[in-house]
Amino acid sequence: MFSLNATIPVFLMMLLGVLFHKIGWIDDGFASKMNRFVFLVPLPILLFEEMATVDFSQIWDFKFLIFCFLTTFLSIALAAAVSRLLREKSIRGEFIQASYRSSAALLGIALIQNIYGSASIAPLMIIGSAPLYNVMAVVILSLSGEKKQIPHQNIWKQTIKEIAGNPIIWGILLGILWSVSRLPMPALLEKTVSSIGGMATPMGLMAMGASFNFQKAFGKRKPAFFATAIKLLGFCILFLPIAIWLGFRKEQLVAILIMLGSATTVSSFVMARSMGHEGTLTSSVVMLTTLLSAFTITGWLYLLRSFGLI
């Protein structure tokens, strides 16, 4: 019941998105705009609120931050090594990105909030993983595939632009500055920020569900299932025991679980397409991981709860 109570509300919101799309209340264009709106406004504000309203000195954990960074780096390296087994070289870049890039912000916050009532540890996990997600995605997609719209010499320029313009990073950084400066949060501002940030989870999850296309989930069957297995099971099997051995528990362990084993983020498809790749494999992995993560995340939570780790 603990595991189901944590995951089912999250995926029911996604199913509502599927339903609203089916009956025509949310079309593809509206779902795309919802996704972008959540990325630009409510989600950064929610992360700002989570950081700004806590004593940052109490939640800062350098060991946790470094673990998230190193684990993300190793996950990317392993996905790159496995991609060498693919005969079709043009899809290797998509395979690598789809294998490691999680919906860490949206699903991580939603699940941690469901279990613990707040998600103050989630921004630390995002700081440790999201910048590396973006940097490596730009580099990998630029160096792979048959179509290369970004010249080789502009890779780092594009990478810096992606990170500097990421509103999620800005939301976290501004929240940290607010907390460290010990500025008071006036009631008027707090209610406004809370109201806007409160839209992030339900709207983002419904938009994700409305964007789900069951037909695309089987576009590149074999590599898609392979990447899905790595994403939802492989990294968790490798790195969760290490996290437990290092002493991570409760919110930290749930955040690590989401970083390692949540569904591939929808933005990976947008990035693959914008950088000249076909995107079929990426969309297939996004669809499959989104569908199957309802079962795998519930299973991982059940296992961790059974051992008294969360």
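Contact here means heavy atoms within 4.5 Å. Keep that cut-off in mind for the whole tour of this predicted model.

**Whole chain**

Start with everything shown as cartoon. The protein has 16 helices and zero strands. Colour by burial next: buried residues make up 52% of the 310 residues. Now consider contacts between residues at least 6 apart in sequence: 85% of them join residues at least 24 apart.

**Stop one: H3 and H11**

Select residues 42-52, helix H3, and residues 187-197, helix H11. Their axes come within 8 Å and cross at roughly 130°. That angle makes H3 oblique to H11. The crossing of H3 past H11 is left-handed.

Show side chains. On H3, pick Pro-42, Ile-45, Leu-46, Phe-48 and Glu-49. They meet Val-193, Ser-194, Ile-196 and Gly-197 on H11. Colour this H3–H11 contact by class: six residues are nonpolar, two are polar and one is charged.

**Stop two: Lys-63**

Move to helix H5, residues 62-83, and select Lys-63. Is Lys-63 buried, exposed or partly exposed? Its relative accessibility is 45%, so Lys-63 counts as partly exposed.

Next, find what Lys-63 touches. Leaving out residues up to four places away in sequence, Lys-63 touches Leu-246 and Phe-248. Draw a distance from Lys-63 to Leu-246, C-alpha to C-alpha: 9.3 Å. In sequence, Lys-63 and Leu-246 are 183 residues apart.

**Stop three: H5 and H13**

The crossing of H5 and H13 is right-handed.

Display the side chains of this contact. From H5, select Phe-67, Thr-71, Leu-74, Ser-75, Leu-78, Ala-79 and Val-82. How do the residues of the contact of H5 with H13 divide by class? There are 12 nonpolar, two polar and no charged residues.

**Last view**

H3 passes H11 in a left-handed crossing, while H5 and H13 cross in a right-handed one. The H3–H11 contact has one charged residue; the H5–H13 contact has no charged residues.

Methods
Residues are numbered from 1 along each chain as its sequence is written. This is a predicted model: local features need pLDDT of at least 70, side-chain atom pairs count only at pLDDT 80 or more; totals for chains, interfaces and linings use all residues. Side-chain values use heavy atoms; hydrogens and water are left out. Axes are lines fitted to C-alpha atoms, for helices over the stretch in contact, and angles run from 0 to 180 degrees between N-to-C directions. Helices (H or I, at least four residues) and strands (E, at least two) are DSSP runs, numbered from the N terminus. Angles under 35 degrees count as roughly parallel, over 145 as roughly antiparallel, 65 to 115 as roughly perpendicular and the rest as oblique. A crossing is left-handed if the near helix is turned anticlockwise from the far one by less than a right angle, and right-handed if clockwise. Ala, Val, Leu, Ile, Met, Phe, Trp, Tyr, Cys and Pro count as nonpolar, Asp, Glu, Lys and Arg as charged, and the others, Gly among them, as polar. Buried means under 20% relative accessible area, exposed over 50%, partly exposed in between (1.4 Å probe, protein chains only).
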